[in-house]
Structure formats: structure tokens, C-alpha cells
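Student: Can you walk me through this protein? I'd like to start with the overall layout and then look at some details.

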Amino acid sequence: MCKECFDEEACSLILELVKCVCGRGEKRFVICVCHLELWFCSLAIIESQDQLLWRWTTNGHYSSASAYRAFFIGRTSLCGAKDIWAASTPPKVKFFFRLALHGRLWTAERRRRHGLQAVDDCALCDQQPETTDHLLVACVFAREVWQRLISASGLDHLHHPLSDSRLVDWWQASRTLLPQQFRRGFDSLVVLVSWTLWKERNAGTFDNTSCMPTQTLAKVREEVNAWLAAGFRGLAPFGALL
Ligand SMILES: [Zn+2]
């Protein structure tokens, strides 16, 4: 007990309050008094008017700029986010690629991890777990598509994807090897090919169809022409090469 550090007036007030709530002679009454004493001893009560303080500025005053900055507290950065934002692609495909960079595509590996299916084999090669990085760059099927595409575009100085490549690493490393004026178009091309591979994967998973890398490459060319016709001119430097 710590009655000596308890204000006498406050103590009597609380005791009366607790008696009213619990009644005399009950064990709960003693426990409540002990808890209240401990609580009061830990408080430093200051005799001043309460103040509202804005915690996101050093002077405690509100500003719209600090409120806007507070929206971004705790955010994580996404490598390549600015490049994707500037890429010339349809919005739904841009959104797809952001999900891919975040590892949020519902690949077989992710579905298995969440208990939605028993196996996680890649729908394109049936050899490795179907992660996002595997499906879009590291899969033997995807690598052949990329290699043919790189050769057809005359970009042989770019790194070819390997069996352990990560999408964001390979993409960012490759774009730095290109002249500045080609980078935005290359970003669009990477998104387009990833989108085409994803659709091939979905066709294999849900429609039980299969195709060869050369057929996928033909679909990439069709998609490039369709995007150019729709006004996504960022792909123009590669449209002429493919
Ligand atoms: Zn595969």
C-alpha cells in the first residue's frame, strides 16, 4: 500500500466512490483501492488547461503540408515505381505490373502458400515452382521469349535473363544499358511481354491450352501493334524493330 503518497482528499473521494460501486466488506473493494492507488501514484497531474497539439510539426501547430506528409508515414518504396508510372501502357496492364513487382500475382506458388491448391508447378514449363520472378523472366519458356525478342529488336548487348533472375533486377539493369530515349519504350515493352506471358499462363491454367515461344512472340508483336494503334506511342521505337 502507498497511502503516504496519496492525496488525503482524493483518497477519501475515491474510497467513497469505490464503496458505492462495490459495497462494503467485499474483496473486490480492497483490490480496486489498491489498483487506484497505484494508478494515482504513477500520474503526474499538472494544474493547467488542456491543449490540443498537432504531433506532425515541431511547434505543435497544424499545417496542410504536414498533414499531407503524414499520409506517407510508414510507406515502403517500390523499385521501378517511377518508371512504371511514366511507361506508355494501358492502365490495367500498368496495375498488373505493379502487382507483379509487389509479388501479389496469384501464381501457383502463392496459391499453394495460402492453402488454395496442392501443387505449385509452373504452368508454362511444369518444372519449377511458379513464382512471379520465375514465370516472367526465369522460366525456360519465358527466357526463350525474351531471348528471341532481344535478338529481333537488335538489343543483343542487353543481359539475357537467367534461371535465377529476378524481374525487377533484370529489368532495371537492362534499361540502364539503353540510351535515354529508348528507356521509356523499353519499360513499356517489358510490361507488355510480362502481360502476354501472364495471359499465356492463365490460358494454360484455366483453358488447358499450350503454345510455343514463337507463338507467344507473335502475340507480343500483335499486342505491340494494337497498343501503338491505341495511341501508346512510347512503344514506337520498338514497333519498327520487332
Ligand atoms: Zn516455368
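Predicted model: local features only at pLDDT ≥ 70, side-chain atom pairs only at ≥ 80, totals over all residues.

Student: How many helices and strands does the protein have?

Tutor: The protein has 12 helices and 0 strands. Helices (H or I, at least four residues) and strands (E, at least two) are DSSP runs, numbered from the N terminus.

Student: What share of the residues count as buried?

Tutor: Of the 242 residues, 24% count as buried. A residue is buried if 20 or more other C-beta atoms lie within 10 Å of its own, exposed if 12 or fewer, and partly exposed in between, with C-beta atoms placed from the backbone.

Student: OK, the core. How many residues does the largest nonpolar core have?

Tutor: The largest nonpolar core has 38 residues, and Ala 142, Leu 192 and Val 193 have the most contacts inside it. The elements giving it two or more residues are helix H5 (91-102), helix H7 (132-138), H8, helix H9 (167-175), helix H10 (180-206) and H11. A nonpolar core is a set of buried Ala, Val, Leu, Ile, Met, Phe, Trp, Tyr and Cys residues joined through C-beta atoms within 7 Å.

Student: Which element gives the largest share of this core?

Tutor: H10 does, with 9 residues.

Student: What is Val 193 in contact with, leaving aside its neighbours within four places in sequence?

Tutor: Val 193 is in contact with Val 145, Leu 149 and Val 220.

Student: And Trp 146, is that buried or exposed?

Tutor: Trp 146 lies in helix H8. Trp 146 counts as buried because it has 25 C-beta neighbours inside 10 Å. Leaving aside neighbours within four places in sequence, Trp 146 is in contact with Val 137, His 160 and Pro 161.

Student: Now helix packing. At what angle do H8 and H11 pack?

Tutor: Helix H8 (residues 140-152) and helix H11 (residues 213-229) pack at about 55°, with their axes 9 Å apart. H8 and H11 are therefore oblique to each other. The contact is made by Phe 141, Glu 144, Val 145, Arg 148 and Leu 149 of H8 and Pro 213, Thr 216, Leu 217 and Val 220 of H11.

Student: What do "axes" and "oblique" mean here?

Tutor: Axes are lines fitted to C-alpha atoms, for helices over the stretch in contact, and angles run from 0 to 180 degrees between N-to-C directions. Angles under 35 degrees count as roughly parallel, over 145 as roughly antiparallel, 65 to 115 as roughly perpendicular and the rest as oblique.

Student: How do H5 and H10 cross?

Tutor: Their axes come within 10 Å and cross at roughly 80°. H5 and H10 are therefore roughly perpendicular to each other. Val 93, Lys 94, Phe 96, Phe 97 and Ala 100 in H5 meet Val 191, Ser 194, Trp 195 and Trp 198 in H10.

Student: And H10 with H11?

Tutor: Those axes come within 10 Å and cross at roughly 125°, so H10 and H11 are oblique to each other.

Student: Last topic, the loops. Where is Asp 126 found?

Tutor: Asp 126 is in the loop between helix H6 (108-113) and H7. Asp 126 has a positive phi of about 60° although it is not a glycine. Most residues other than glycine have a negative phi. Asp 126 counts as exposed, with 12 C-beta neighbours inside 10 Å.

Student: What about Asn 208, buried or exposed?

Tutor: Asn 208 is exposed, with 8 other C-beta atoms within 10 Å. Asn 208 sits in the loop between H10 and H11, and its phi is near 60°, a positive value in a residue other than glycine.

Conventions: Residues numbered from 1 in each chain as written. Contact = placed C-beta atoms within 7 Å.
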